[in-house]
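Let's walk through this structure together, starting with the whole and ending with a few single residues. Keep the 3D view open as you read.

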Amino acid sequence: MLPASRVLSAIAIGIGLALLVGAGLAPRYLHIDSRLPLDVEHTTFRLADEQTGHQLQLHWDLLEPADAESVAVRVGSSLVRETEPGEPTELVDADVWAFDLDRITGQALSTAQLSHTLVTPATHVDIAGQWLKFPVDAKKTSYDVFDPTLRESAPAAFQEVVTVDGIELYRYRQVIDPVNVATKYADQRNTKRELVPAPEEQEENLAAETAVGQADEGTVMVPGRQLFLHHAATRDYFVHPRTGMIVDWHEEIDDFYATADGERVEDAVVYQARLDADDVDKLIAQAESFADADTVTTIRYIVLAVGAVITVVALVGGFGSFRRRREAQ
């Protein structure tokens, strides 16, 4: 029968080897980076401008199929405007996007299906660069970020490091100068006719027949110049660098109708909106809860060291006592 010391040494060697093997193989089977978790809770960006009454909401759901690298997402985007307190809220625009998202880089892995008008087929749009999140371990550089109005990306350049409640965030700024949206893709919302007062000699006939509309009593309006939707934007993204999660978002939009030469004629959507402070706190706390690769790596090295020490001590103790016994005989 083996002595108790040999049995204990064998058990200790087994534990030590198990720790060594487990820590060594952990990177193969465990995701120790800060990739997007599949159970992430706060996935709504709600930007509001109290002065104009505009509110932009961008909500995204994580769906199947999903694996270690990617996940299907559905993004619902809506822009509403409250004209007067107690009055019905005006729906300005609403879209639904669906595509596959890389959980690490934050980039789209498939062409997005865009549904924006009832009883019309979905539009296919290529999403280049970032949109819902930035890459894990974001750098102090420039990233292309998707603009849903233009349906293309524009650079967002690193500006500074800001600290919120002791947490360092990276601020990136995207500036888009006015662009004629109609030159990017065809859509009924991208063009309209200017309404102008009818010539005096035609006013009586038009009023009696089929006038387009009236601005003031007795003034008949008729279609004038062709106008095109122009889009300009300035956005500040505040990013949690370890996870790449956007935790604050400021957006200034200036959409207007202009002639083909760029002469501004009529405002379309103009606002300056940002996330509510409470939402920012929730998004920061959520990002901080993501797995930390440095912490996990440190724990892994500690487990390796402990396993190595236990194994060595058990080997020395077990074989040492066995050797002393044999010498004593």
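**A guided tour**

The protein exposes about 18600 Å², and carbon and sulfur atoms supply 53% of that. Accessible areas here come from the Shrake-Rupley method with a 1.4 Å probe, and for residues only the protein chains shown count as cover. Before going further, bear in mind that this is a predicted model: local features need pLDDT of at least 70, side-chain atom pairs count only at pLDDT 80 or more, and totals for chains, interfaces and linings use all residues. Residues are numbered from 1 along each chain as its sequence is written, and side-chain values use heavy atoms, with hydrogens and water left out.

What is the protein built from? It has 4 helices and 14 strands; these are DSSP runs numbered from the N terminus, with helices being H or I over at least four residues and strands being E over at least two. Of its 329 residues, 37% count as buried, where buried means under 20% relative accessible area, exposed means over 50%, and partly exposed is in between (1.4 Å probe, protein chains only). Now look at who touches whom. Take the contacts between residues at least 6 apart in sequence: 59% of them join residues at least 24 apart. A contact, by the way, means heavy atoms within 4.5 Å.

Rolling a probe the size of a water molecule over the atoms shows where empty space is left. On a 1 Å grid over the protein atoms alone, a pocket is an open set of points where a 1.4 Å probe fits, with protein on both sides within 12 Å along at least five of seven lines, and lining residues have an atom within 4 Å of a point. The largest pocket has a volume of about 690 Å³; a volume is the space filled by probe spheres set on the grid points, which are joined across faces, edges and corners. This pocket is lined by 32 residues, and L79, D93, T149, D255 and V269 lie nearest its centre. The elements giving two or more residues to that lining are β2 (54-66), β3 (70-81), β4 (90-102), β12 (220-240), β13 (245-258) and β14 (264-275). Which element gives the most to the lining of the largest pocket? That's β13, with 5 residues. By type, the lining of the largest pocket splits into 18 nonpolar, 6 polar and 8 charged residues. In that count, Ala, Val, Leu, Ile, Met, Phe, Trp, Tyr, Cys and Pro are nonpolar, Asp, Glu, Lys and Arg are charged, and the others, Gly among them, are polar.

The second largest pocket holds about 230 Å³ of space. It has 16 lining residues, with A48, D49, E50, H54 and Q55 nearest its centre. Two or more lining residues come from each of β1 (44-49), β2, β3 and β14, and β1 has the largest share, 3 residues. This lining divides into 3 nonpolar, 6 polar and 7 charged residues.

Now zoom in on strand β13, where you'll find E251. Is E251 buried or exposed? It counts as buried, because its relative accessibility is 4%. The side chain of E251 makes a polar contact with the side chain of R235, at 2.6 Å. (A polar contact is a pair of N or O atoms within 3.5 Å; within protein, one must be able to donate a hydrogen and the other to accept it, and residues adjacent in sequence count only if both atoms are side-chain atoms.) Leaving aside neighbours within four places in sequence, E251 is in contact with residues including L47, L56 and Y271.

Over in strand β14 sits R274. R274 and R46 are 228 residues apart in sequence, yet their C-alpha atoms are 7.7 Å apart in space. Beyond its neighbours within four places in sequence, R274 is in contact with R46, L47, A48, W249 and H250.

The peptide bond from E64 to P65 is cis, with omega near 0°, and P65 lies in strand β2. R151, in the loop between β7 (142-147) and β8 (152-164), has a positive phi near 60° without being a glycine; R151 is buried, with a relative accessible area of 13%. D165, in the loop between β8 and β9 (167-180), also isn't a glycine and has a positive phi of about 55°. D165 is exposed, with a relative accessible area of 67%.
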